[in-house]
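Welcome! Please take a look at the sequence and the 3D structure below, and then we will walk through some of the details together.

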There are 2 protein chains.
Amino acid sequence: MIWIVGAGICRGHLTERARKLIERADVDYGSRRAIELAEVAKARVLERFDDGTLRKVVEEGRHRDVVVLSTGDPMVAGLGRKLKGAGVVEPGISSVQVALSRLGVDLTDVVVIDAHARAVDSRELEMLNYRHLLILADRKFDLRCLGRRKVVLLENLCMDGERMIEGYSDELEVKSDYTIVFVERG
Amino acid sequence: MIWIVGAGICRGHLTERARKLIERADVDYGSRRAIELAEVAKARVLERFDDGTLRKVVEEGRHRDVVVLSTGDPMVAGLGRKLKGAGVVEPGISSVQVALSRLGVDLTDVVVIDAHARAVDSRELEMLNYRHLLILADRKFDLRCLGRRKVVLLENLCMDGERMIEGYSDELEVKSDYTIVFVERG
């Protein structure tokens with residue numbers, strides 16, 4: 001059996017259910033950061049999450065209880081989609097939730113867009129006609145695709161160098177691979 | 001000081017950070033359900049979350065450390081918006097996350113709409129041109145406003161009588177005040 005367990009993004013984000021699953025498993029895997037966040041001494045680091053590695057983990061799950069720790073929530077631009085059907089997902093606190101709590105904005109007032117290692121197309125930006133956007137961005141994300149709009153950049157949430165920068169999209173730059181861009185509607 | 005703390009929606013959803021905040025506080029308030037979920041013996045039940053009650057809690061927070069427990073996540077159709085600026089929000093696992101984990105759908109592929117005690121307007125439904133919808137609904141929600149579309153109803157997540165019903169919007173009915181309606185795009 002395989003559990004894909006969200007480790008959250010800040011220390012102490014692990015839920016009581018997740019802690020029990022981790023302790024009960026025969027083997028725990030995870031990225032270095034997820035293992036550090038969850039403070040699981042016995043866990044094994046997965047350096048890559050490519051198809052070959054995941055296939056081996058799924059194979060192991062046929063005869064042992066395996067936990068795969070994922071930073072944030074497995075269903076937010078996460079492992080859950082990649083391992084769909086292969087295991088049971090246990091939610092964790094995502095960067096989206098931390099960002100919304102800092103901004104004081106409700107999830108039902110935004111649309112969340114994944115722009116990690118992919119470009120945002122103009123059709124996605126049309127959703128600004130309806131709602132604020134919350135874009136999960138890396139350094140390759142070019143803020144100029146937004147034109148001139150009020151934005152808040154939330155960099156390195158719960159990491160060293162966390163900061164929040166308010167300004168206009170045509171005057172700022174994304175400088176961290178862990179950035180969330182809040183784009184104000186209208 | 002006031003902390004608005006998410007209690008999650010299933011037993012064991014409380015995070016380690018949330019548990020510490022609850023234990024450290026001078027006084028803990030919450031809805032009956034949030035207190036039961038978090039298993040906080042010493043907490044006081046708030047029967048209503050009207051402006052008068054919340055004003056008293058905010059007043060008390062000026063000279064004591066107060067935790068207000070909120071089911072789910074305070075930033076998902078939650079207390080966080082209502083108490084904006086009055087306290088610090090600590091995220092919890094929301095019904096949206098549990099629904100997405102059951103469905104195997106990523107947050108960045110949906111738009112979340114709050115239809116609890118409010119009608120959904122036709123403009124919001126236009127977002128189906130871009131994404132699947134995840135509608136937080138109660139028994140007053142009329143599925144016929146969706147026309148004929150493939151839907152999944154997730155009823156009573158983590159409660160007695162939890163069930164998942166697949167079908168078409170013009171053939172089903174919302175029968176629980178704790179229902180999430182997944183509406184397939186296109």
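Let's begin with helix H5 (residues 95–103) of chain A, where eight of the nine residues are buried (20 or more other C-beta atoms, placed from the backbone, lie within 10 Å of a residue's own). Among the buried ones are A:Val96, A:Val98, A:Leu100 and A:Leu103. Helices (H or I, at least four residues) and strands (E, at least two) are DSSP runs, numbered from the N terminus. The cover over the buried residues of H5(A) includes strands of chain A, and also H4 and strand S5 (88–90) of chain B. Just after H5(A), A:Gly104 has a positive phi of about 75°.

This is a predicted model: local features need pLDDT of at least 70, side-chain atom pairs count only at pLDDT 80 or more, and totals for chains, interfaces and linings use all residues. Residues are numbered from 1 along each chain as its sequence is written, while chains are lettered from A and ligands numbered from 1 in the order in which they are written.

Next comes the sheet. In chain A, five strands form an open, parallel sheet in the order S3-S2-S4-S1-S5; strands pair if DSSP finds at least two bridges between them. S1(A) and S5(A) pair over three bridges, and A:Ile4 has A:Val89 as its bridge partner.

Finally, where do the chains meet? 34 residues of chain B are in contact with 34 residues of chain A (C-beta atoms, placed from the backbone, within 7 Å). These elements of chain B each give two or more residues:

| Element of chain B | Residues |
|---|---|
| helix H1 | 16–24 |
| helix H4 | 79–82 |
| helix H5 | 95–103 |
| strand S6 | 110–115 |

H5(B) gives the largest share, five residues.

Key: Two residues are in contact if their C-beta atoms, placed from the backbone, lie within 7 Å. A residue is buried if 20 or more other C-beta atoms lie within 10 Å of its own, exposed if 12 or fewer, and partly exposed in between; C-beta atoms are placed from the backbone.
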